[in-house]
Amino acid sequence: MSHGPNLSKFDEGRLMQVLVAPIVSEKATMVAEKSNAVTFKVLQDATKYEIKAAVELMFKVAVKGVSVVNTKGKTKRFGKSMGRRDNVRKAYVTLQPGQEINLGGEAA
């Protein structure tokens, strides 16, 4: 039995916007290989339950758990002026054993 809210309680339009982009980096690939987890950039106000529901809706996979990390944007220089990168909210979505999401696009 699930502890969180039911999938049907969320607005489908909202769920389609929750996942901003997959994160394909060296660290994300290492995590994917080691613990069967996929990394996504998500909206700042997205909850773990929303992220889980969005991944299950879009990729038709069973989600085991969701971990969320908020990363503060760095301050950077552009010549004389100072700029700032955006804050990023990352979701590490762990999949049930046997489940897989292919983000690379290559044929299996």
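**Core packing and loop residues in the predicted model**

With a relative accessible area of 3%, T39 is buried. This threonine is found in strand β2. The structure described here is a predicted model. Leaving aside residues up to four places away in sequence, T39 touches P22, I23 and A28, and also K90, A91 and Y92. The value of 3% falls under the 20% cut-off, and T39 is therefore classed as buried.

The largest nonpolar core has 19 residues. Those that touch the most other members are L19, F40, V42, I51, V55, V93 and L95. Two or more residues are given to this core by each of α1 (12-18), β2, α3, β3 and β6 (88-95). The largest share comes from α3, with 4 residues. In soluble globular proteins, nonpolar side chains tend to be buried together.

V93 is one of the core residues that touch the most other members. Its contacts, not counting residues up to four places away in sequence, include F40, I51 and V55, which are also listed among the core members touching the most others.

The phi of N36 is positive, about 55°, although N36 is not a glycine. Most residues other than glycine have a negative phi. At 27% relative accessibility, N36 counts as partly exposed, because this value lies between the cut-offs of 20% and 50%.

A positive phi of about 55° is also found at K60, again not a glycine. K60 lies in the loop between α3 (48-59) and β3 (63-71). The relative accessible area of K60 is 66%, and K60 is thus exposed, the cut-off for this class being over 50%.

D86 has a relative accessible area of 64% and is exposed. In sequence, D86 and K72 are 14 residues apart. Their C-alpha to C-alpha separation in space is 7.4 Å.

Key. Residues are numbered from 1 along each chain as its sequence is written. This is a predicted model: local features need pLDDT of at least 70, side-chain atom pairs count only at pLDDT 80 or more; totals for chains, interfaces and linings use all residues. Side-chain values use heavy atoms; hydrogens and water are left out. Buried means under 20% relative accessible area, exposed over 50%, partly exposed in between (1.4 Å probe, protein chains only). Contact means heavy atoms within 4.5 Å. A nonpolar core is a set of buried Ala, Val, Leu, Ile, Met, Phe, Trp, Tyr and Cys residues joined through side-chain atoms within 4.5 Å.
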